[in-house]
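Biologist: Could you show me the model? I would like to go through some helix packing and then a strand.
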Amino acid sequence: MEAGKKEVVVKFMGFLREVAGPEITVPIKDNSKIADVLQDVHKRLEPLMEKELLTKVLRNSRLVLNGVYAPDETEINPGDVLTIISPAAGG
Amino acid sequence: MRSETILKVDLTKGSISKETVDPAVLRNYMGGKGLAAYYLFNEIPPRVPAFSAENKVAIMCGPLIGTVAPSSVKFCVATKSPLTGGWTDGYASGTWADMLRAAGYYGIIIGGIAEKPTYLYIEDDKVELRDASDLWGANTYETTRLLKERHRSDIEPMVLTIGPAAEKLALITTVIAEYRAAGRGGVAAVLGFKKLKAIVVKGHKEIPVANPEKLEEAAKVAREKLIKNPITGVRGRHQQMGTSNIVLGVNAAGALPTRNFQTGVFEYAEDISGESFRDTLWMGGQRRRPCPRCINQCTHVAIIESGKWAGIVDEGPDYENLTMLGSNCGISDKNTIATAEFLCDLYGLEGISAGNTIGFLMECFEKGLITKEDTDGVNLRFGNEDALIEALVRGGTVTGKLGKLVAMGVRRAADTIGQGSQKFAMHVKGLEMPAYEPRAAFGMGLCYARSDRGACHLRPWTFGAECLGLAPREPPYLPYDIQGKGAWVKTLNDVFAAVDCTGVCLFITFGVDAVEDILPMVNAATGFNYTAEEYVKVGERASNLTRAFWFREVSDFGRDYDTLPWRCLHEPLPSGPAKGKTVPLEPMLNDYYKAAGWDANGKPTKAKLQELGLDFVINKIY
Ligand code: SF4
């Protein structure tokens, strides 16, 4: 992430890590929310996987903002770290 | 009407009989968990010690084992547990149960005590007890090899064995069947007490299926779904990383047991992740040793090529063992973790309980509650790789003070050490807690608290829905939801229990629906034409029977037993997304009991027992 740039780091756990790699940076505008970042992530990953599956995966993934679970409407600020825990299954 | 044959072995008399399962019993209890519960509830006299001639061990198949159904391999091993004093059942995959069915048998009930070490030899209609004196003391790999050599003929014999730990009555032991572990709660120690070292099977018969065409049709539907699923499918997460694919997600959710559950965030999670194992010891996920007919293919073989454990080759580690022998003991070295799992398999120790107990002892050591005097000189600190290995070797051979502490399991170790250590002895009903921190996923807390074998992660497994994106971000699936959790967990419990009666591996439910897709296969195999409701009821019936077993066996059994370790209820997590959380168990438990038709003390009501056709249970617990 470049200093001064309005960006957040998005980290991936689970299935999306295979698709997108461990992390990406996403530019944000003023007053952006997590939902806006998810939209951006959706757009970037669309070419890499089936759209319907991607939508479902993002709808179900757990969202951790700076180490705390956060709802989609939470405001997100430059320098924040959003962890997307996407599907994985074990036992 | 369909029927199945089971073997009844009386080791005291040295007698073996064959019994046809009553078709009505078969329909109501199906197989696996259900049928094991039926036989053991009826055949173990009330309140006999787990270590007694009267206690019995049931090994039971389900109707799909050995058929074309995907992952149709999982058989049940159950008994009255010497670790908990109540019910325990566990499941192993692999190839052993296929052969038992090919020999013409659906299950084996073992009672009595042999005069000397014995093994059971089954070759189709020939069933004999044989002398195992020369095998007594041999580790599980050696026993398997020797028996294979001895009995190899036109087909490879399949071997189920106990290790030296179970011979010495270590309470945290498991049965090893064709290199796969079955059972928690000391089931192998019961066999050790009975002096039954192994069961060798060879079979040449066809496995009976009511409607083969329909079964193939239903299996095809299931296979296609599994193949397409990113978790269970080709090059999916299981094929790449097995169940360990979840390490990083669990850690990000703050639920990765670390240093005896002192926190849920391990700073070296990346080092022990499924990704890291895949890229090193598992050679990119290419070193798989899957069960027959499995698409998930979750089992990987680790080959240690360098360092102090070089030369060790073993299946695994799976998520549970990896975490409990890894982060829970503060260990971040993959080779050490793989070696630790190898030793568990070799001695027949059960990895979850071993990692849990050693993690507990490490915390006691660091807090000064035990010293090198108690550990026979071992510097039992978190992260000490040699100490972990030493503790397993001693536990597996039940040697010295440390070996005895490990072998007795965490509850008894805490009672021995005292000094308040019971507060962080992480068990439920005496069974060591597995690898999900319940303060970070309240549903798992409820699962552990009321599961029928003590702290179990699969009865049901809510963690994926709560924290790993397997359910929508809405109630009751969010990790800290309380309302609605009880009813949800109850429904899942019955469905998972039904699957445990069928003989398919639970892991296929990540790619197919546990009712919609598995039921057509069950109906085709059995011809029983269960409705969806009847099928789930098989699971509910089994769960109520095992619950009743606890009430019958433990005089003061009830709600007080459905609890969690003090740490989970009173000590807030110090880090991660669940920082500050403890488990609010009581309201969830209330909801669960209500949904289950149990009274306020957690006892199945007479009405519920009657509804399930368990009338014969009523006068045993009322
Ligand atoms: S998912 Fe794993 S344990 Fe289950 S049948 Fe397949 S390889 Fe065996």
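Modeller: This is a predicted model. In chain B, Lys214(B), Leu215(B), Ala218(B), Ala219(B) and Ala222(B) of helix 7 meet Pro520(B), Met521(B), Ala524(B) and Ala525(B) of helix 20.

Biologist: By class, which residues make up the contact of helix 7 of chain B with helix 20 of chain B?
Modeller: The contact of helix 7 of chain B with helix 20 of chain B has eight nonpolar, no polar and one charged residues.

Biologist: At roughly what angle do the axes of those two helices cross?
Modeller: The axes of helix 7 (residues 212–228) and helix 20 (residues 518–526) of chain B cross at roughly 160° and come within 8 Å. That angle is over 145°, so helix 7 of chain B is roughly antiparallel to helix 20 of chain B.

Biologist: And is the crossing left-handed or right-handed?
Modeller: The crossing of helix 7 and helix 20 of chain B is left-handed.

Biologist: Now strand 4 of chain B. How many of its residues are buried?
Modeller: Six of the six residues in strand 4 (residues 75–80) of chain B are buried. Phe75(B), Val77(B) and Thr79(B) lie on one side, with Cys76(B), Ala78(B) and Lys80(B) on the other.

Biologist: What does strand 4 of chain B pair with?
Modeller: Strand 4 of chain B pairs antiparallel with strand 3 (residues 57–60) over four bridges, and Thr79(B) is the bridge partner of Val57(B). Six bridges join strand 4 to strand 5 (residues 87–92) of chain B, also antiparallel; there, Asp89(B) is the bridge partner of Ala78(B).

Biologist: What is in the turn between strand 4 and strand 5 of chain B?
Modeller: These two strands of chain B form a hairpin with six residues between them, and Gly85(B) in the turn has a positive phi of about 85°.

Key:
Residues numbered from 1 in each chain as written. Chains lettered and ligands numbered in written order. Predicted model: local features only at pLDDT ≥ 70, side-chain atom pairs only at ≥ 80, totals over all residues. Heavy atoms only, no water. Axes fitted to C-alpha atoms, helices over the stretch in contact; angles between N-to-C directions. Parallel < 35°, antiparallel > 145°, perpendicular 65-115°, else oblique. Left-handed = near helix turned anticlockwise from the far one by under 90°. Contact = heavy atoms within 4.5 Å. Nonpolar A, V, L, I, M, F, W, Y, C, P; charged D, E, K, R; others polar. Buried < 20%, exposed > 50% of the residue type's maximum accessible area, 1.4 Å probe, protein only. Pairing = 2+ DSSP bridges.
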